[in-house]
Amino acid sequence: MSVETDVEFRPGPVATDEVLFARQGSLGRIRLNRPRAINALTDAMVASMQAQLERWADDDTVTAVALEGAGERGLCAGGDVRALRSAILSGEDDPARFWAREYALDAAIARFPKPFVALMDGIVMGGGLGLSAWGSLRVVTERSRVAMPETAIGFFPDVGMLYLLARAPGEVGTHLAMTGVTVGGPDAVYAGLADVVVESRRLPDLVLELADGRVPEPGELDDDRLPAPTLGVDRDWIDDCYAGDDAAVILDRLRGHGSPAAREAGEVIASRSPLSVAVTLEAVRRAARLATPEQVFAQDLALGRAFLTGSDFVEGVRAVLVDRDHDPRWTHACLADVPRDAVMRMFAGAPHP
């Protein structure tokens, strides 16, 4: 949600009011400003943030940058995939150019020379995680709903998140990537997508502290009254079921497991695009062997281009976000029907781990 303090936000270097900027003391503030769309990212927003970050990186009077979202629903629901679908169908633009610019912004945040504080309140999904999980201080709240839900729309978890998910405890990252399920703040911290859980009412005080030139350590902010993560409790079945490189075998293990939570995860995966799930498993395994986030961004871009044709992306976006009938007609009937060579073809041009 918007963190209200006495400061005026204005458009930045690119003429759009969909992302706004402000200076408060020594803090540079970024406010994503499409609240009706849960601040879904557009090309103009990406370009404006990239240009403003370049200015602040060279401005010695700026000691830190904070990212927030306008409205009550969340920081950012991701990229505007409906617009990307329209671009694919019309053939008038190359959607991969948006991904290239988006990933370049995410990489710039990862290497930003000053503290970058992401206020991950409310919904933080897809491209919203790309903007926040690469920050140096990633703050979730009791309201946070965090996910990489791309397999539900016939895509794959991009914005470099597979680098982080591949390094989550055990097979937790594999579980989150394949299912796309939403987790709360404590689980986001457990999975390595955030650093600390803070009550949302404390965010204005945090912003004032940042404006005064002080960036607290996560341990100074931690609130032990908030719930413990559940992913740690589920590690036994997660680690057992998600081992290996065969998505169909993983699904069979989940469906046959004694834990109701495991069987529920199996039903979620069975509802996702079979091709997307199979590609996602291969991608997370490769990301574990890729040495740098930049290599994973390069893999993401290669996969994104492959998903423009011969994938379930257009159909998935239609079913979930356009017609909203939630009845996608996937290319393959089930995971067992996805040929291995169809998965491997999607990685043409991707870095070799």
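**Exercise 1.** How many nonpolar, polar and charged residues does the lining of the largest pocket have?

*Solution.* First, the ground rules: this is a predicted model, where local features need pLDDT of at least 70, side-chain atom pairs count only at pLDDT 80 or more, and totals for chains, interfaces and linings use all residues. Residues are numbered from 1 along each chain as its sequence is written, and side-chain values use heavy atoms, leaving out hydrogens and water.

Next, the term: on a 1 Å grid over the protein atoms alone, a pocket is an open set of points where a 1.4 Å probe fits, with protein on both sides within 12 Å along at least five of seven lines, and lining residues have an atom within 4 Å of a point.

Now look at the lining: 33 residues, with Ala77, Gly78, Gly79, Val81 and Leu321 nearest the centre of the largest pocket. Sort them with Ala, Val, Leu, Ile, Met, Phe, Trp, Tyr, Cys and Pro as nonpolar, Asp, Glu, Lys and Arg as charged, and the others, Gly among them, as polar. You get 18 nonpolar, five polar and ten charged residues.

**Exercise 2.** Find the buried residues of helix α8 and say where they sit around the axis.

*Solution.* Start with the cut-off: buried means under 20% relative accessible area, with a 1.4 Å probe and protein chains only. Finally, step past the helix: just after α8, Gly213 takes a positive phi of about 95°.

Key
Buried < 20%, exposed > 50% of the residue type's maximum accessible area, 1.4 Å probe, protein only. Helix = DSSP H or I, 4+ residues; strand = E, 2+ residues; numbered from the N terminus. Arc of directions from axis to C-beta.
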